[in-house]
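Have the sequence and the 3D view open as you read.

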Amino acid sequence: MIVTYRNPGAGFVATLLATSRAYLQRSSAYLIALIRWPLGPLFTFATWRVTYHAAGNGSVEGATVSGFLLVGVFGLITWTSSIWASGYAVEYERGEGTSASLFLTPASRAAVVAGYGLGSFVWFLPSFAALAFLAIVTGARFDIGDPPAAIAATVSLFVASLAAGFAFSGLFILSRKANLIANVLQSPAYLLSGLLIPLSSLPAWLRPLSGAVPATQAVVALRRSVLLGASTRSIGADVLHSLAVSVVWFVVGLIGLRVVEYVAKHTGRLELF
Amino acid sequence: MSQSIPAVSNSSRRIAVQAARASFLAKLREHVFINGAGGYVLVWVAFPVITLGMLGLLYRSRDPALLGYAVIGITCGAFISNALYYVGQILDEERLEGTLINLFLTPAPRLSWLSGFAFGGLFETLVSAACTVLLGTVVFGVRFHPNIAAVVLCFLLFILALWGLGFMFSALGLILKRSNDLANLLSSFVFLLGGIYYPVSALPVWLRVPADVLPFGVGIQALAAASLHDASFGTLAPQLVRLEVFAAVLPVLGLLTFGWLERKVRRRGDLEIY
């Protein structure tokens with residue numbers, strides 16, 4: 001059955017939702033995956049909570065350790081999604097032998113990449129909830145003075161994650177070393193974005209690199225808005241910084257996807273391993 | 001007749017050694033070929049170096065003694081990760097490439113090619129371990145005062161225990177057919193309870209109970225004491241006794257588990273099914 005959409009926006013949304021649904025069905029096909037993915041962030045939180053306790057830290061940058069880590073692991077989940085869902089989207093299709101079909105359909109490639117990312121966010125919802133519960137039980141204290149600020153910061157974090165996913169999707173498949181790059185990229189953001197340790201502890205020479213990661217300022221804004229009661233006005237600069245960096249990554253991603261499409265159609269080598 | 005037995009035995013031994021050597025070299029070449037030499041090193045170095053960087057920034061100002069422990073912990077963590085991921089992942093890849101059944105049908109003993117893979121992992125892990133120690137020494141100024149004999153003994157016992165666990169995990173991966181997911185799930189527990197980032201004594205009391213029945217914490221603690229504080233065999237005796245028990249029991253358990261689960265999978269005929 002061929003479905004045509006007069007409105008390109010409707011086609012984009014339909015592709016986005018269909019891809020998300022497929023991602024969720026694929027991810028839940030194995031029982032072990034159903035157990036593993038939600039538990040991973042909880043254990044990361046618990047491990048770092050004990051690490052801070054061992055180091056004798058009672059608070060971090062004015063927030064409770066549990067609150068600080070809650071937001072950090074939240075950011076870590078979105079980064080994982082950038083790499084292993086939206087970033088890996090085209091690579092998954094290649095691995096399953098469906099990338100050629102993907103590039104032959106009129107469906108938006110961007111919608112497919114975003115669909116993987118959206119599916120991943122939904123996939124992690126139970127993890128988000130359990131993480132929040134664990135953080136509260138272990139002493140997280142919240143101070144949300146301005147709910148729109150918290151919403152803006154959360155949205156900017158998701159946008160940052162999707163933008164990074166776009167940039168990675170082209171890079172991964174063109175490099176033919178997706179798994180290597182994905183594994184290497186996984187951990188530097190924990191350090192550079194201040195997900196697990198405070199940004200203030202970073203050496204000065206790492207700060208510019210830290211600012212170039214789209215999630216960094218979004219995580220700062222989220223921490224300030226949900227843990228320290230910051231207003232929309234006071235986190236505005238952080239959110240804008242994050243969005244600006246996200247736009248750059250997004251554009252890089254779109255160019256990358258164009259190149260991928262060119263390679264797929266003109267050289268016919270995209271599916272070769 | 002009495003002469004033919006040693007001849008057969010020698011030939012079997014030769015096949016076993018050749019199979020171990022071939023599987024060791026095959027995986028090493030494959031990994032270097034796929035990733036390139038630079039990428040190959042990078043993938044093994046990125047995680048421990050970044051993790052040590054974070055712990056270094058966290059512990060440096062608070063408790064420098066913990067930083068020394070973390071260097072040893074993360075170094076050992078590389079070997080633990082190897083036991084968790086390496087052989088199971090290879091068996092999954094062989095399944096994906098359609099060669100898993102061939103491996104099981106070869107006349108070489110399972111133990112030989114499995115050990116070849118495991119040694120490949122051990123060799124690769126040494127790169128990661130060396131980089132962690134180097135970073136700890138050069139960047140964070142950690143100083144070692146090793147009791148060499150104690151370090152060697154602790155390390156051998158620790159590796160033996162991990163070798164046994166590696167077989168168990170890869171056998172479980174054979175049944176579940178998702179070794180990578182299993183390894184990721186288990187590594188979450190191991191990083192929390194294994195005393196890698198901090199000594200097991202830093203855990204809440206109720207978490208120390210499961211942590212104490214695992215070989216990780218005691219192994220890392222013994223290695224940290226032997227390599228950082230020149231601990232003698234006498235001082236290490238309580239930990240060495242526990243490590244010896246792990247090193248004696250786990251390999252046997254690992255081989256038995258692998259044999260049992262392998263028979264189960266073969267009887268079901270779903271060795272190659274996803």
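A:Glu61 sits in the loop between strand S1 (59-60) and strand S2 of chain A, where strands are DSSP runs of E with at least two residues and helices are runs of H or I with at least four, numbered from the N terminus. This is a predicted model, in which local features need pLDDT of at least 70, side-chain atom pairs count only at pLDDT 80 or more, and totals for chains, interfaces and linings use all residues. Residues are numbered from 1 along each chain as its sequence is written, chains are lettered from A and ligands numbered from 1 in the order in which they are written, and side-chain values use heavy atoms, leaving out hydrogens and water.

Most residues other than glycine have a negative phi. A:Glu61, not a glycine, has a positive phi of about 45°. Because its relative accessibility is 42%, A:Glu61 counts as partly exposed; buried means under 20% relative accessible area, exposed over 50%, and partly exposed in between (1.4 Å probe, protein chains only).

Of the 13 residues in H12(A), 12 are buried. Just after this helix, A:Gly229 takes a positive phi of about 70°.

Now find A:Arg109 in helix H6 (residues 109-123) of chain A. At 13% relative accessibility, A:Arg109 is buried. Its side chain makes a polar contact with that of A:Glu261 at 2.5 Å; such a contact is a pair of N or O atoms within 3.5 Å, and within protein one must be able to donate a hydrogen and the other to accept it, while residues adjacent in sequence count only if both atoms are side-chain atoms.
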